[in-house]
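Hi everyone, thanks for coming. Please have a look at the sequence and the model on the screen, and then I'll walk you through a few parts of it.

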Amino acid sequence: MKEGVNKMVKATFTNLPATKKALVQSALLREFSNYPLQKAQVARIVKDAGIARGAFYKYFDDLPDSYQYLYQCALKEIHAHLKIGPIFDPKLFYQSVVQFIEHTQSSKFAELIKMHVLSNESVVAKPFSNDASIELSPQNWSAMVLSHATIHMVLENPRQKKAVLSRFKAGLELLEKGAN
């Protein structure tokens, strides 16, 4: 399923009236929040959205394509405010991860993101190229990897949030000391 970068939606979906587009997006969100991609079904999505199966394939190439579209919508909403600069700033990384977790947990996409992290991350194309992460400074790259591991751990076990974030903060401080 990891066949390159997402193709996203077809023009027929983009040009739908807002209400119909919202119905399809809601159906996708329910399906992908409750089922891993490998167990998701077009049949449930089209029934939930009240559209014909053929219409689904006029909107998306396949199920992974529709998943990528929805996941990108979620990331745009949750990630929108996160900005990491070229200079390593451990406080900014920490605040960004805390904000991401809080935004995720209070978002309509909370269960989708959790399902992605716990089940789908390894079966879909990456939302950004590895080239972008290679261009980061070693500290920013390390902090990014640590950030994603922290998010994964918190979403996997929310009761450990405080302890995981404390370890994350300590790890960022070690990265900062390593550069000096």
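**A walk through the helices and salt bridges**

Of the 180 residues in this protein, 39% count as buried. Please keep in mind that this is a predicted model.

What is the protein built from, helices or strands? It has 10 helices and zero strands, so if you read the elements from the N terminus on, you get α-α-α-α-α-α-α-α-α-α. Now take the contacts between residues at least 6 apart in sequence: 71% of them join residues at least 24 apart.

Let's zoom in on one pair of helices. Two packed helices are described by the angle between their axes and by the distance between those axes. Here, helix H2, residues 18–34, packs against helix H5, residues 63–79, at an angle of about 100 degrees, and the axes are 10 Å apart. That makes H2 roughly perpendicular to H5, because angles of 65 to 115 degrees are counted that way.

Which residues meet there? From H2 we have Gln25, Leu28, Leu29 and Phe32, and from H5 we have Leu63, Ser66, Tyr67, Tyr69, Leu70 and Cys73. Sorted by type, the residues of this contact are eight nonpolar, two polar and no charged.

For charged residues, let's turn to the salt bridges. How many are there? The count comes to three.

One of them joins glutamate 31 and arginine 44, at 2.7 Å from N to O. Glutamate 31 lies in helix H2 and arginine 44 in helix H3, so this pair ties together parts that are 13 residues apart in sequence. Are these two residues buried or exposed? Glutamate 31 is buried, with a relative accessible area of 4%, while arginine 44 is partly exposed at 26%. Arginine 44 also touches Tyr35 and Lys39.

Another salt bridge joins the side chains of arginine 30 and aspartate 48, at 2.6 Å from N to O. Arginine 30 is in helix H2 and aspartate 48 in helix H3, 18 residues apart. Arginine 30 is partly exposed at 42%, and aspartate 48 is partly exposed at 35%.

Then there is aspartate 61 with lysine 10, where the closest N and O atoms are 3.3 Å apart. Aspartate 61 sits in the loop between helix H4 and H5, and lysine 10 in the segment before helix H1, so this pair ties together parts 51 residues apart in sequence.

Conventions: Residues numbered from 1 in each chain as written. Predicted model: local features only at pLDDT ≥ 70, side-chain atom pairs only at ≥ 80, totals over all residues. Heavy atoms only, no water. Axes fitted to C-alpha atoms, helices over the stretch in contact; angles between N-to-C directions. Helix = DSSP H or I, 4+ residues; strand = E, 2+ residues; numbered from the N terminus. Parallel < 35°, antiparallel > 145°, perpendicular 65-115°, else oblique. Contact = heavy atoms within 4.5 Å. Nonpolar A, V, L, I, M, F, W, Y, C, P; charged D, E, K, R; others polar. Buried < 20%, exposed > 50% of the residue type's maximum accessible area, 1.4 Å probe, protein only. Salt bridge = Lys/Arg side-chain N within 4 Å of Asp/Glu carboxyl O. Lists of a residue's contacts leave out its neighbours within four places in sequence.
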